[in-house]
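This briefing is written for a reader meeting the structure for the first time. Please look over the sequence and the structure shown here before reading on.

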Amino acid sequence: MAADPLGRGFGVASLIPTDQENTVGRVAFFSNISTGGLIQTLDVGYHPDSVSFTPDGSRLLVANEGEFISTTATRRAGSVSVINLNGATVANLGSLTNAAVTEVDFITGLATGITLDGVRNARLDTLNVKSPNALDVESEYVTTTKERAYVSLQEGNAIAVINLIGPNSNQLTAIHTLGTITVTTDASDRGENALNDTVKGLPMPDTIVNFSRGGMTYLLTANEGDARPDDGDVRRLSSSPINFVDDGNGDVIANIQTGDNGISRLNIIQDMGDVDGDGLIEDPVMFGTRTFSIVEAETGALAFDSGNMIEAYVLANDAALFNVNKRQGTLQARSDDKGPEPEAVAFGSLRARLRVYRRGAPEWHLHVRHHRFRRR
């Protein structure tokens, strides 16, 4: 849900139909975001999620996730809907039609020279080489400037860029793959609570927001690291069918342990980390990084990452909530999975405060300048 940034008196929400397998989603325009006076609905893509107005109110962007549905073999492609709102008012929104909607997908929406190379394909459940497939790309969250939209492709570990004005308007003009980030964390749900396991993770962001500093646009990302339900690559390191035995060439994983501590308990991505192609994992990679990051919007380059800041603060100041499982209330239960699992962020200039949200857990505020948290 989002409110019109120009104060024209309307808001919008994304709607997923009951028959989400066969029916496209919709966006609904409301005359009053509190009471819900419906003005108009428009068709968008499959499984719409995040909605975002451009700052000048001229466009509405909708991230259509195209999620995997376990009850059917039908695959729905993720996309982004761009809705033209030039001249829109409460009085004339009722006459807005689907002609105002442009669908940008990852098949026909790629600008010349743009490919899906490097975007992670999570669908196949084998260790074979996985070719990027547009039908498996899911648009998670969208943030906009006047000129561009930035879309997180969580399962693909990437951020897509859509030009909104000028050359290649309403086309995907860049896809930034995010690589890995090395963090020191607690990787086991057993044994002591200690941040002493160093491992790589895929950021795989959920919410992203943009801001400008010094003439540059940056993206703030919540690196949740969610895996699709059909992702067959989730494996506990110690129980994976991959052979982790030293092959005589030094192919052993640093700090793997067979007991309760260390990364032997960690859920990893089993089709990554085989550095020399011999079938053994030398460099394990986990889902998510338990962090938030700042990346350059133009290049996707990492400008800042929070490391184990979130885990370290909770462990030191509110240890009863350290990587707790929301359903069981069990201490450390999520250490082998995604830890604190950052899911959403919000940016504002007031007092340089950043809000970091955890699914099913208390909200934490980070005072960026002093690296201080407080529970709310």
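Predicted model: local features only at pLDDT ≥ 70, side-chain atom pairs only at ≥ 80, totals over all residues.

Residues are numbered from 1 along each chain as its sequence is written, and side-chain values use heavy atoms, with hydrogens and water left out. The chain holds 1 helix and 25 strands, where helices (H or I, at least four residues) and strands (E, at least two) are DSSP runs numbered from the N terminus. Of the 376 residues in the chain, 50% are buried, a word that here stands for under 20% relative accessible area, with exposed meaning over 50% and partly exposed in between (1.4 Å probe, protein chains only). Among the contacts in the chain with a separation of 6 or more, 53% come from residues 24 or more positions apart, a contact being heavy atoms within 4.5 Å.

- Four strands in the order E5-E6-E7-E8 form an open sheet with antiparallel pairing, two strands being counted as paired if DSSP finds at least two bridges between them.
- Strand E5 (48-53) and strand E8 (101-105) are at the edges of this sheet, and because each has a single partner strand, one side of each is left without a neighbour in the sheet.
- In this sheet, neighbouring strands are turned by 20° against each other on average, direction ignored, with axes taken as lines fitted to C-alpha atoms, for helices over the stretch in contact, and angles running from 0 to 180 degrees between N-to-C directions.
- E5 and strand E6 (residues 59-64) run antiparallel and are joined by 4 bridges, and Pro-48 has Asn-64 in E6 as its bridge partner.
- Another open sheet of 4 strands has the order E15-E16-E20-E21, again with antiparallel pairing.
- Strand E15 (208-213) and strand E21 (302-305) are the edge strands here, each with a single partner strand, so one side of each has no neighbour in the sheet.
- Neighbouring strands of the sheet E15-E16-E20-E21 are turned by 25° against each other on average, direction ignored.
- E15 is joined by 6 bridges to strand E16 (residues 216-222), the two running antiparallel, and Thr-217 in E16 is the bridge partner of Ser-212.

**Strand E14 and its partners**

- Strand E13 (residues 181-185) and strand E14 (residues 197-202) run antiparallel and are joined by 5 bridges, with Val-199 in E14 as the bridge partner of Val-183.
- E14 also pairs in the parallel sense with strand E19 (residues 285-287) over 3 bridges, and there the bridge partner of Gly-201 is Met-286.

- Asp-305, which has its place in strand E21, is buried yet has no salt bridge, and the nearest side chain of opposite charge, Arg-290, is 11 Å away; Lys and Arg count as positive and Asp and Glu as negative, while His and the chain ends are not counted.
- The side chains of Asp-305 and Ser-293 are joined by a polar contact of 2.5 Å, that is, a pair of N or O atoms within 3.5 Å, where within protein one must be able to donate a hydrogen and the other to accept it, and residues adjacent in sequence count only if both atoms are side-chain atoms.
- The side chain of Asp-305 also reaches the backbone nitrogen of Gly-307 at 3.0 Å.

**Salt bridges**

- The whole structure has 10 salt bridges, each a side-chain nitrogen of Lys or Arg within 4 Å of a carboxyl oxygen of Asp or Glu.
- Asp-336 and Arg-236 form one of them, with the closest N and O atoms 2.9 Å apart, and the pair links distant parts of the chain, 100 residues apart.
- Asp-336 is buried, at a relative accessible area of 5%, whereas Arg-236 is partly exposed at 23%.
- Glu-311 and Arg-290 meet in a salt bridge of 3.3 Å, N to O; Glu-311 is buried with a relative accessible area of 2%, and Arg-290 is buried with 3%.
- Arg-334 and Glu-341 form a salt bridge with the closest N and O atoms 2.8 Å apart, and both residues are buried.
- A network of salt bridges links Asp-226, Arg-334, Asp-337, Lys-338 and Glu-341.
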